[in-house]
Amino acid sequence: MVDTFQPRLLPPDFEEDESLAADRPAVDGERPPRGQREGGGQGKYAGKHPRNKLNELTGDEWIFFTKSVITTAYASDYGHRLRKAHGANKPPQLMKSLIEFFTDARGRVLDPFAGVGGTLIGAAIAAPPRDCVGIEINARWVAIYRKVVAQSAGALVEYPLHQGDSQVLLADRALFPDESFDFVCTDPPYNVHLTQTMANDPRYVNGHTNRRTDYNMRSEDTADLANLESYEAYLDAMQRMLGHCYRLLKPQKYLAIILRDAYQQGRYVFTHVDVARRAESVGFVTKGVKVWYQAGTRLRPYGYPFAYIPNIAHQHIVILQKPRPVGSRQ
Ligand SMILES: C[S@@+](CC[C@H](N)C(=O)[O-])C[C@H]1O[C@@H](n2cnc3c(N)ncnc32)[C@H](O)[C@@H]1O
């Protein structure tokens, strides 16, 4: 029988970068510019609805956003050359689309795991720009964010990016008062740092460039969620962080969290479901999930030729809402 397995072999200098789709042309699913959608922007959903208090979008844009799958490839931009040092940097355009749906023009956004600033830059390029605050534990990523803003020569507003442990900083009620944010938009570590098996193992890497990875975004800080001792400890820390975010959000406002499932010790781990359950335990209501398909994901021959092991080429953007207080009117 003919072996049809054809991993996409990538050049040796290929860098693992979650925003890699950025280097490809836009693909199916891209949001057309304002006013150029169905009916040429003239139809029933062309303008902003007078009762829409959530955001500034037209009906067309609102409905388009509710699609549960994102296949858009975003252009490399906004200092990507510097930001790509962080293996899990996110396209600011993706964060902008979340921010533009979940906030109106006066909305205030928080990212407690800001990295090199995908969310902060997304807030700066939103129409109109939204106010934003970030926290990042690793000084290296904070410095890169500041450099990207400085190099933008005024094109990007610089938002406060506090360097420190979000678990500690979010508990500071003077710095982060109750109900002071309209949206939490975040992309935390997806798990504790996994022991690398095939990737980078010298037994496999030689002659198999698609098993080598430069993917290391963890700091040495023991408070870095990726350094926790177990998956349970990770979920506990996520629950505490979600509890802080619940206090910080205004009622009826949303939290979007980007999570990646894992394959660990012979088993698929539904990280996005486990975290959503923890969010529900602190009061959030799960509203949905958007699957972000990452067209640039490198395929590795995991399991080949013996067993099925997935190449996980998508992430989940879990949407949670803080309900309004019981007995209150809308
Ligand atoms: C998936 S990355 C976020 C990348 C970001 N979206 C971007 O565009 O650069 C998660 C980040 O959380 C940070 N982190 C981990 N534990 C933290 C903690 N306890 N407090 C604050 N940041 C933390 C990591 O250093 C890492 O940069």
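Student: Which residues come nearest to the ligand?
Tutor: Of the 24 residues around the ligand, the nearest are Ala88, Phe113, Gly115, Gly118 and Ile137, where a residue counts as near if its C-beta atom, placed from the backbone, lies within 6 Å of the molecule. Please keep in mind that this is a predicted model, in which local features need pLDDT of at least 70, side-chain atom pairs count only at pLDDT 80 or more, and totals for chains, interfaces and linings use all residues. Residues are numbered from 1 along each chain as its sequence is written.

Student: How does that shell divide into nonpolar, polar and charged?
Tutor: The shell around the ligand holds 11 nonpolar, eight polar and five charged residues; here Ala, Val, Leu, Ile, Met, Phe, Trp, Tyr, Cys and Pro count as nonpolar, Asp, Glu, Lys and Arg as charged, and the others, Gly among them, as polar.

Student: And which elements each supply at least two residues of it?
Tutor: Strand 3 (131-136) and helix 6 (166-169) each do so, with helices (H or I, at least four residues) and strands (E, at least two) taken as DSSP runs numbered from the N terminus.

Student: What does strand 3 pair with?
Tutor: Strand 3 runs parallel to strand 2 (residues 108-111), joined by four bridges, and also parallel to strand 4 (residues 161-163), joined by three; two strands are said to pair if DSSP finds at least two bridges between them. Glycine 134 of strand 3 stands opposite aspartate 111, and in strand 4 the bridge partner of glycine 134 is leucine 161.

Student: What links those strands along the chain?
Tutor: Strand 2, helix 4 (residues 118-125) and strand 3 make a right-handed β-α-β unit. The chain then crosses from strand 3 through helix 5 (residues 139-151) to strand 4, in a β-α-β crossover that is right-handed as well. Right-handed means that, with the strands pointing away from the viewer, the path from the first strand over the helix to the second runs clockwise.

Student: Zooming out, what is the strand order in the sheet?
Tutor: Eight strands form an open sheet in the order 1-9-10-6-5-2-3-4, with mixed pairing. Strand 1 (69-70) and strand 4 stand at the edges with a single partner strand each, so one side of each is left without a neighbour in the sheet.

Student: Is strand 5 mostly covered or exposed?
Tutor: Strand 5 (residues 181-186) is mostly covered, as six of its six residues are buried. Strand 5 pairs in the parallel sense with strand 2 over two bridges, and five bridges join strand 5 to strand 6, again in parallel.

Student: New topic: which residues of helix 9 are buried?
Tutor: In helix 9 (residues 271-281) they are Thr271, His272, Val275, Ala276, Arg278 and Ala279. These residues cover an arc of only 160° around the axis, which puts them on the same side of helix 9; the arc is that of the directions from the helix axis to the C-beta atoms.

Student: What comes just after helix 9?
Tutor: Glycine 283 follows, taking a positive phi of about 120°.

How values were computed: A residue is buried if 20 or more other C-beta atoms lie within 10 Å of its own, exposed if 12 or fewer, and partly exposed in between; C-beta atoms are placed from the backbone.
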